[in-house]
Amino acid sequence: MSSSDVQDHGSAATPRSFLFVLGSSRPDGNTEMLARAAAEQLPTGVPQRWVDLTRLPLPDFQDGRHETETWPVGENEELLRQATLEATDIVIVSPLYWYALSAHAKRYLDYWSGWLTVPGSDFKERMAGRTLWGVTVMSDHDEVVADGLVTSLNHSAAYLRMRFGGVLFGNGSRPGQVRGDERAAVRAKTFFQREAPLARFPYEETDRP
């Protein structure tokens with residue numbers, strides 16, 4: 001692991017700090033381009049940390065929550081866990097692969113299940129009130145085909161009592177094609193200024209505290 005695996009931008013003290021989790025299998029892909037365009041609009045001094053999951057690979061998650069033996073924690077896992085807990089805003093940057101999150105992004109979220117039971121971490125309690133965002137680029141022009149991705153992020157946030165800022169959509173398939181998506185460019189300018197409501201499951205009452 002090298003310093004280029006985790007990129008930090010900004011160091012001024014601020015109530016907000018962003019973690020951008022890159023889940024594409026392609027470096028500098030369309031989804032990352034769109035995420036960086038949105039991140040450029042954040043106020044100066046708001047810390048940004050960018051982690052590329054292809055450069056911080058995680059093994060397939062093994063659920064040991066009900067096992068007697070503990071699963072060994074790797075260096076990459078611990079770095080990602082600490083980065084997640086240090087951020088107020090977590091942005092999942094994943095292309096739409098087969099109408100869902102990429103394998104890299106999904107594996108990262110799977111690890112959240114294991115972090116729930118790390119002794120002394122209080123992961124669920126510490127994640128409550130933070131904000132989860134999504135950025136995705138897809139070849140289809142109809143955003144409804146990404147409902148599976150949106151649902152996965154919303155429900156993950158709801159389980160942890162996080163806020164959900166929604167998903168920034170872009171269109172593109174070939175490298176760099178998202179640059180021609182004017183609608184996505186306009187949305188990116190104000191995406192992180194959006195009000196992020198508390199995430200809810202569909203069955204929950206709208207007046208839940």
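Which residues does Ile 90 touch, not counting residues up to four places away in sequence? Leaving out those neighbours, Ile 90 touches Leu 19, Val 21, Thr 84, Tyr 108, Trp 112, Met 127, Thr 131, Leu 132, Trp 133 and Met 162. A contact here means heavy atoms within 4.5 Å.

## What you're looking at

This is a predicted model, where local features need pLDDT of at least 70 and side-chain atom pairs count only at pLDDT 80 or more, while totals for chains, interfaces and linings use all residues. Residues are numbered from 1 along each chain as its sequence is written, and side-chain values use heavy atoms, with hydrogens and water left out.

The protein has 6 helices and 6 strands, and from the N terminus on they run β-β-α-β-α-β-α-α-β-α-β-α. Helices (H or I, at least four residues) and strands (E, at least two) are DSSP runs, numbered from the N terminus. Of the 209 residues, 45% are buried. Buried means under 20% relative accessible area, exposed means over 50%, and partly exposed is in between (1.4 Å probe, protein chains only).

## The cores

A nonpolar core is a set of buried Ala, Val, Leu, Ile, Met, Phe, Trp, Tyr and Cys residues joined through side-chain atoms within 4.5 Å. The largest one has 36 residues, and Ile 90 is among those with the most contacts inside it, along with Ile 92, Tyr 108, Trp 112, Leu 132 and Leu 153. Elements giving two or more residues to this core include β2 (18-22), β4 (89-93), β5 (131-138) and α5 (147-159). The biggest giver is α3, with 6 residues.

There's also a second, separate core of 22 residues, and Ala 38, Ala 39, Val 137 and Ala 184 are included in it.

## A helix with a buried face

Now take a look at α5. Its buried residues are Leu 149, Leu 153, Asn 154, Ala 157 and Ala 158. Seen down the axis of α5, they fall within an arc of 160 degrees (from the directions between the helix axis and the C-beta atoms), so they line one face of the helix. Their cover includes β4, α3, β5 and β6. Just after α5, Arg 161 takes a positive phi of about 60 degrees.

Over in helix α6 (residues 182-190) sits Lys 189, which is partly exposed, with a relative accessible area of 48%. Lys 189 and Gln 41 are 148 residues apart along the chain, yet their C-alpha atoms are separated by 5.9 Å. Across the protein, 81% of contacts between residues at least 6 apart in sequence join residues at least 24 apart.
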